[in-house]
Amino acid sequence: MKRSEINRIMTEADVFIRSFGYVLPPFAYWTPDQVRAADGVMTAGLGWDITDYGQGQFDDLGLFLFTTRNGRQADLTRGGGMCYAEKIMISRHNQISPMHRHYVKAEDIINRGGACLAIELFGSADDGSFDAHAGGQLLCDGQLRDFEPGEVIVLQPGESVTLMPGDWHAFWGEGGDVLIGEVSTVNDDRTDNWFRDDIGRFSDIDEDEAPLYLLVSDYPSADFDNNERR
């Protein structure tokens, strides 16, 4: 993706999010220098996350995310403490977030407003891999229900689904763009995503202009500021 495209998506997403009365935290608008000075933001992986999964087709295969809070892996390991995370996301009309599952993370996916959210579901094989013939069970707003392999459930605004590790899922906005909330176990996007297809989690970026704000994927090499390219 071009950095200019990412900057534009950030600006458009901020307007869309605010239209639902949701306001991003102050650190969303920090300069790279401010982010670097606040080690807790970078360490926790908080902030902007825009991905085309390395495929260069964001309108068709992509997702906007912003991580507002993220707990501590050490707390999760010892079984107590800050074991939670939260994101706000935007899935555009017919924009696919591709089939994947998580190794550790359980997550509530919530339609916060806009269009409907369509989620395609499969269960796992015995070894956890994708199985086109496997269904399963999940919770929809606290109600246990079965799902068939490949079943698509559609969440109206206000509705949610709980996905457990091993629940294979892909999703997209249906009928328009949708604002999505995610409340989950501590999140590690570097290691906890298992994609069915051979794709990456983050985008390859063409630095055609300076970043408006840093992406989470920029943090390992955050060595530039708003006035100079990397």
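Author: Two strands pair if DSSP finds at least two bridges between them. The model considered here is predicted.

Reader: What makes β5 and β10 a pair of strands?

Author: Strand β5 (residues 107-122) is joined to β10 by 14 bridges, and the criterion asks for at least two. The two strands therefore pair, and they run antiparallel. Within β10, G173 is the bridge partner of L117.

Reader: Which sense does the pairing of β4 with β10 have, and over how many bridges?

Author: Strand β4 (residues 97-102) pairs with β10 in the antiparallel sense over two bridges. H100 stands opposite H169 in β10.

Reader: Why is β10 called largely enclosed by the rest of the structure?

Author: Of the 18 residues of β10 (residues 168-185), 14 are buried, so the strand is described in that way.

Reader: Why is the pair of F27 and F66 called stacked?

Author: The structure holds 12 aromatic pairs. In the pair of F27 and F66, the ring centres are 5.7 Å apart and the planes stand at 25°. The cut-offs are 6.5 Å for pairing and under 30 degrees for stacking, so the pair is stacked.

Reader: How do you know whether F27 and F66 are buried or exposed?

Author: Buried means under 20% relative accessible area. F27 has 15% relative accessibility and therefore counts as buried; F66, at 0%, is buried as well.

Key. Residues numbered from 1 in each chain as written. Predicted model: local features only at pLDDT ≥ 70, side-chain atom pairs only at ≥ 80, totals over all residues. Heavy atoms only, no water. Buried < 20%, exposed > 50% of the residue type's maximum accessible area, 1.4 Å probe, protein only. Helix = DSSP H or I, 4+ residues; strand = E, 2+ residues; numbered from the N terminus. Phe/Tyr/Trp six-rings, centres within 6.5 Å; stacked < 30°, edge-to-face > 60°.
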